Amino acid sequence: MMLKSLSLSLNFSRVKIRSNRPPFAGPETARHIPSANPKSKRHPLVSLLAPSHLRWGILRRPVALFRFSNRIHSREMTSNAEEGRSYARRDQLLKIQSEVQKRWEAHKIFEADAGSKPPKKGEKFFGNFPYPYMNGLLHLGHAFTVSKLEFGAAYHRLRGCNVLLPFAFHCTGMPIKASADKLAREVELYGNPPVFPSVQEDSKTEGPDENESEEGNVVAPDKFKSKRSKAAAKSGGYKSQWDIMRSFGLSDDEIAKFQDPYHWLSYFPPLAKEDLKAFGLGCDWRRSFITTDMNPFYDSFVRWQMKKLKDMGKIVKDMRYTIYSPLDGQPCADHDRASGEGVQPQDYVLIKMEVLPPFRTKLKALEGRRVYLAAATLRPETMYGQTNAWVLPDGEYGAFEINEADVFIVTYRAALNLAYQNLSRVPEKPTCLLELSGHDLIGLPLRSPLAFNEVIYSLPMLTILTDKGTGIVTSVPSDSPDDYMALNDLKLKPALRSKFGVKDEWVLPFEVIPIINIPEFGDKSAEKVCVDLKIKSQNDKEKLAEAKKLTYLKGFTDGTMLVGDFKGVKVQEAKPLIRNKLLESGDAVLYSEPEKKVMSRSGDECVVALTDQWYITYGEAEWKKKAEDCLANMNLYCKETRNGFEHTLSWLNQWACSRSFGLGTRLPWDEQFLVESLSDSTLYMAFYTIAHLLQGADMYGSDHSSVKPEQMTDDVWDHVFCGGPLPKTDIPVSLLNKMKQEFEYWYPFDLRVSGKDLIQNHLTFCIYNHTALLPEHHWPRGFRCNGHLMLNSEKMSKSTGNFRTLRQAIEEFSSDATRFSLADAGDGMDDANFVFETANAAILRLTKELAWMEEVLAAESTLRVEPPTTYADLVFANEINIAVKSTEQHYNDFMFRDALKSGFYDLQAARDEYRFSCGAGGMNRDLLWRFMDVQTRLIAPICPHYAEHVWTNILKKDGFVVNAGWPLYDAPDLTRKIANKYLQDSIVLMRKLLQKQASGPKKAKKGAAIPVAEENKLTIGLIYVNEQFDGWKEECLRILQSKFDGDRRAFAPDQEILEALKQSAVGQAANFKQIQKLCMPFLKFKKDEALSVGPQALDLKLPFGEIQVLQDNSELIKRQLGLEHVEILSASDNVARSKAGKTARVHEKRIFTNPELDWLSVIPA
């Protein structure tokens, strides 16, 4: 018979796991995970799960083909494509969810009370979440952040901790009041229900561009189409408040009630509570409350807090610049804004550039007044070098009356800001004496403060932005690259001067004036950097931006003044002195405007106003030091979060804490003002600890308690929270002691979970207030911040339809599948991604796992009942231990995506591998029961309804899985894990090469089977193993061993390693260039492995016997490869080598790249 053999040469370092296994009867394997696309937001596991409905024939809801009705409790679908679809699996999870939640509620499983003794470390966990604003329904963005707290709290509850997770609802501020007032205005204008103008009427009113493209209204087929009318789209996106309320599923009769702002408070919080219960939130709802004076207990708490801060001198009244809504007539804090959260006032020096008479053309109307071009600058120290002023030729300007004598020429936007800063003859109302264009201003002779040129002229510049500053710009070409290039353009281009009517004498005589010396850039920094970067004109924006980046900061930090009263002084020292000189002389005034555009929730663009306001003195030196000390001892889970807090503490200053409009608590000492919404929400975590004792489980604080709101005096609050003396009160001492016990037991809170956008305000305010009002041992212990949530890799947006409320997601996927996808969405500060495909795949996985477990129990009598002793048993038991340990670490680190992978995906993959490895011998009963127990506990924090069902109805265990305890485990055997990986990877490669030999030289069509002649069928495999690295691989490992620093766990530089290789025996070989191509990837692999697992990765032998591993699993190898007989032989045994016959000589000539499995011969029977 003709000998057919296969030679196998492996490079273990480059092995990639592949699965060519047939599908199993039970749940599909998730072990073999394809590489993730680094540009994709999708989890790498999704690629595996996506096609599962095709493989298994499961009919699931196609997310690209349906639309919600937007009714709060409706599941009605509108797409005909869904007809005939089966939702049995989803409905099975919904049924389980409902049953489990009833059991939880009946047993009050999430209610938590303080112990009689102070808790030891790890005995209690108190976590909380910034209460959401109640002007609508909760959405998946809320659920994503809540899930981080929920998963973490559930993990601690599972471990046996006493867990408190309370939840409240925020109603303070102006959004609700503004929306209610908007409804009232719509009813007043258009009737009840309102009959709004038709599309045609709107079109005439708004006067849209007839040629406007309709492309903006096109949406992708898998998105809801926006309900905006064309008229609405063309009128800037306005949507009536009435239509917004209709989108919540409300009838017109119901909507009319929302003209009363307090109706919002009674309507939306109960709905939010209902949705969170459906989500499975492990909340102690007895402690829930709403804010504002509608809850008298919380109102009393906030009044006490504010009085306490004022008595400590931390609230003062002062004139300050603040972001302000002209429409609302009050400051506009972050949570009052529709856009521009975090934007602060930007302060400028407004240079008064006097227009010299006689006035010409339009300006003649201003004769007798002092007229100034007012230019806003951040660099007053450069005013010595002015050569001209710049105006935008097509810009719209006005001459605005500042006082009886002075007139400023600026844009209307700047004039409005000035009017709110006491720089208008009529306060808060700009008075425009004359409308002007930029063309009207070109060529005006000016006298400008500090300028060495007695007269300069206003000239055209094409790149001025009128949404920043005043639209008037001073020109200092010595230090501003923009100015240098614009002036250069006018000098070198007569046609440009002619186009704008610029006379030569306004431009040509003016040369660059050196005013500041900057190391590396000299006395004329702008000229040098423009030449160096080869900038050609003022329109070269990218290069000009680079030029400014190179010179501006360096000019401030390293520059030295060459002229003026402060000649020889460093710029950073001279700057404030020159600023004060300009202000004191009256040649300039202070001016402020928002850093970026800010829109209030009432719909107007905000300005900066100089207001007489109550401020909290954040940033005060001693208080700031306390806040920094608190932050230093907090667990923030990632460096990026800490950097955000440190940056905020570096700039945060006085904060306006009062408002005159909206809902909330009145300032106790000045009741014309309300406490603003970011100032009544900084200490309320303490209120949670006693809320149930005050309110009797009523979130509104109605008359359900033995305590009356008026009994909660300042002395009582001081006693409970600040260790004050026993107050004189008719509240029973036993109740006072209970309040104090609850607070002392639960505080400090262990964790607050929030979106990263609250670092710059709410979370930092929380630190400040705790350090001011509570002793150090009650300061916060941890914050965990996350990014925003995308849906299917796109921004979540109501206008595009890429949006889900929490209720919609639960109805569409079930709570557990929603939670599963939220856990998979991501854990860092970057934006996360909720993928519908993942949620649908979770439905399939969870329900199939239920079916598999039921099948196992039904066939329990067929399982092995002996102690786990086989190789497969020991590997599976080890994988369970590894899963428990790694999942425990991931939960501790609040890395829930990783916990899902190790505690569910990896564990299931190990189970699938075990099932296949057991073969005819069958699986071990005890191991399978342990697997089901462990997997149920590990997934419980993420999918608690599913886990509870398994625990009670399948495993028939007592109690509840949510507090069943963390599974016990033995120390993982890493050597056994490495050995098993070696085995599985070797089988995969053997199969590939066997298939290649069986196919012969012919190339088959994709997916087609290769016919094999019966007489040539390969049935006997001879596997040769070399158990030690040798040759060039041995040389490479010895070099790496010598270049590895075990203490630092680091290698010498790559160049040093390469040089050592060249000097070695391998490097001196004639065929080194050929061998080097093999050495380099091997060196990289072994370096990475050593950095990961330690120096043992550089050993010449693996930490287990390869021949023994392969022999122990010869039956598995035969089954996997379809062979009748397999022999495991030593490559160093000449007798064994002779069995391969002529094939052996072929192998001896090859450069083997792997010591473990040297070669394989496969022959026919």
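In what order do the 4 strands of the open sheet lie? Let me begin there, and please keep in mind that what we are looking at is a predicted model. The order is S4-S3-S19-S20, and the pairing is antiparallel. At the edges of this sheet we find strand S4, residues 330–331, and strand S20, residues 655–656, each of which pairs on one side only. Strand S3, which covers residues 315–325, is joined to strand S19, residues 607–616, by 10 bridges, and these two strands run antiparallel.

The mean pLDDT of the protein is 85, and 85% of its residues reach 70 or more. Over residues 199–237, however, the pLDDT is below 50, and this stretch has 34 contacts in the model beyond near neighbours in sequence. Residues 1145–1159 also stay under 50, and there the model has 64 contacts beyond four places in sequence.

Gln421 itself lies in the loop between helix H12, residues 412–419, and strand S11, residues 432–437. Is Gln421 buried or exposed? Its relative accessibility is 4%, so Gln421 counts as buried. Its side chain reaches the backbone oxygen of Asn417 at a distance of 3.2 Å.

Ser592 belongs to strand S17, residues 588–594, and it is buried, because its relative accessibility is 0%. Its side chain makes a polar contact of 2.9 Å with the side chain of Asp347. Not counting residues up to four places away in sequence, Ser592 touches Asp347 and Gln421, and among the others are Tyr321, Pro345, Asn417 and Val608.

Let me turn to the aromatic rings. A search of the whole structure finds 69 aromatic pairs, and I will show you two of them. In the pair formed by Phe248 and Phe268, the ring centres are 5.4 Å apart and the planes are at 75°, which is an edge-to-face arrangement. Phe248 sits in the loop between helix H8 (241–246) and helix H9 (252–256), while Phe268 sits in helix H10 (residues 261–279), so the pair ties together parts that are 20 residues apart in sequence. Phe248 is buried at a relative accessible area of 8%, and Phe268 is buried as well, at 1%.

The other pair is made by Trp1032 and Phe1082, whose ring centres are 5.6 Å apart with the planes at 85°, so this pair is edge-to-face. Here distant parts of the chain are linked, since Trp1032 is in helix H33 (residues 1031–1042) and Phe1082 is in helix H36 (residues 1072–1093), 50 residues apart. Both of these residues are buried.

The charged end of Arg379 sits over the ring of Tyr552, at 4.2 Å from its centre, and Arg911 lies over the face of Trp852, at 4.2 Å from the ring centre.

Next, please look at strand S24, residues 783–786, which is covered on both faces, with Phe783 and Cys785 buried on one side and Arg784 and Asn786 buried on the other. Strand S23, residues 751–755, runs parallel to S24 and is joined to it by 4 bridges, and Cys785 is the bridge partner of Ser754.

Another cis bond runs from Pro357 to Pro358, with omega near 5°, and Pro358 is in the loop between strand S6 (345–355) and strand S7 (370–377).

As for phi, Lys108 has a positive value of about 50° although it is not a glycine, and its place is the loop between helix H3 (88–106) and strand S1 (124–128). Lys108 is exposed, with a relative accessible area of 53%. Lys534 has a positive phi near 55°, and it is exposed at 59%.

Key: Residues numbered from 1 in each chain as written. Predicted model: local features only at pLDDT ≥ 70, side-chain atom pairs only at ≥ 80, totals over all residues. Heavy atoms only, no water. pLDDT = per-residue confidence, 0-100. Contact = heavy atoms within 4.5 Å. Buried < 20%, exposed > 50% of the residue type's maximum accessible area, 1.4 Å probe, protein only. Polar contact = N/O pair within 3.5 Å; in protein donor to acceptor, adjacent residues only side chain to side chain. Phe/Tyr/Trp six-rings, centres within 6.5 Å; stacked < 30°, edge-to-face > 60°. Lys NZ or Arg CZ within 6 Å of the ring centre and 35° of its normal. Pairing = 2+ DSSP bridges.
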